[in-house]
Amino acid sequence: MQSGSVVLRVVLARSLTTLARLMLSVTVGWELYGRTGSALTLGLVGLMQIIPVLVMFIPSGELVDRRDRRRLAMAATLLMAAVGVGLALVSSANAPVPAFF
């Protein structure tokens with residue numbers, strides 16, 4: 001039965017991480033569209049979100065094959081949390097729009 005609880009914890013952690021990532025994405029788009037009213041800005045947000053995926057696709061695959069996946073997943077989650085805190089600070093300080101990029 002213990003393996004079932006491990007699977008449940010993994011599924012729950014993955015679901016919460018995905019939910020947080022989606023919430024962050026929507027929040028950034030909402031914030032920037034509210035400030036600028038520009039569809040171009042929303043397009044740039046989407047572009048900025050896909051660039052790291054394209055750049056890190058091959059290197060991250062090699063890294064996952066060579067390192068402990070749990071630690072890499074934790075590091076990625078912590079990095080995402082730090083980015084979220086940084087974006088919250090930028091938003092609360094009413095920083096100019098380019099600071100979000």
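Modeller: The model is predicted. Its largest pocket is lined by 36 residues, and those nearest the centre are Thr-17, Arg-21, Ala-76, Thr-77 and Met-80. Helix 1, helix 2 and helix 3 each give two or more residues to that lining.

Colleague: What makes a residue count as lining the pocket?

Modeller: A lining residue has an atom within 4 Å of a pocket point. Helix 3 gives the most to the lining, with twelve residues. The volume of the largest pocket is about 1800 Å³.

Colleague: Which classes of residue make up the lining?

Modeller: There are 26 nonpolar, five polar and five charged residues.

Colleague: How do you know that the length of helix 1 agrees with its number of residues?

Modeller: Helix 1 has 35 residues, and at 1.5 Å a residue these should span 51 Å. The end C-alpha atoms are 51 Å apart, so the two values agree. After helix 1 comes Gly-37, with a positive phi near 70°.

Colleague: Why are Val-28, Gly-29 and Leu-32 called buried?

Modeller: Buried means under 20% relative accessible area. Val-28, Gly-29 and Leu-32 are the buried residues of helix 1, so each of them falls under that cut-off. The buried residues of helix 1 pack against helix 2 (39-66) and helix 3.

Colleague: Which residues form the largest nonpolar core?

Modeller: The core has seven residues: Val-28, Leu-32, Val-45, Leu-87, Val-90, Ala-95 and Phe-100. Helix 1 (2-36) and helix 3 (69-92) each give two or more of them. Beyond its neighbours within four places in sequence, Val-90 is in contact with Arg-35, Ala-95, Ala-99 and Phe-100.

Definitions and conventions
Residues are numbered from 1 along each chain as its sequence is written. This is a predicted model: local features need pLDDT of at least 70, side-chain atom pairs count only at pLDDT 80 or more; totals for chains, interfaces and linings use all residues. Side-chain values use heavy atoms; hydrogens and water are left out. A nonpolar core is a set of buried Ala, Val, Leu, Ile, Met, Phe, Trp, Tyr and Cys residues joined through side-chain atoms within 4.5 Å. Buried means under 20% relative accessible area, exposed over 50%, partly exposed in between (1.4 Å probe, protein chains only). Helices (H or I, at least four residues) and strands (E, at least two) are DSSP runs, numbered from the N terminus. Contact means heavy atoms within 4.5 Å. The expected span of a helix is 1.5 Å times one less than its number of residues. On a 1 Å grid over the protein atoms alone, a cavity is a set of points where a 1.4 Å probe fits but cannot get out, and a pocket is an open set with protein on both sides within 12 Å along at least five of seven lines; lining residues have an atom within 4 Å of a point. Grid points are joined across faces, edges and corners, and a volume is the space filled by probe spheres set on the points. Ala, Val, Leu, Ile, Met, Phe, Trp, Tyr, Cys and Pro count as nonpolar, Asp, Glu, Lys and Arg as charged, and the others, Gly among them, as polar.
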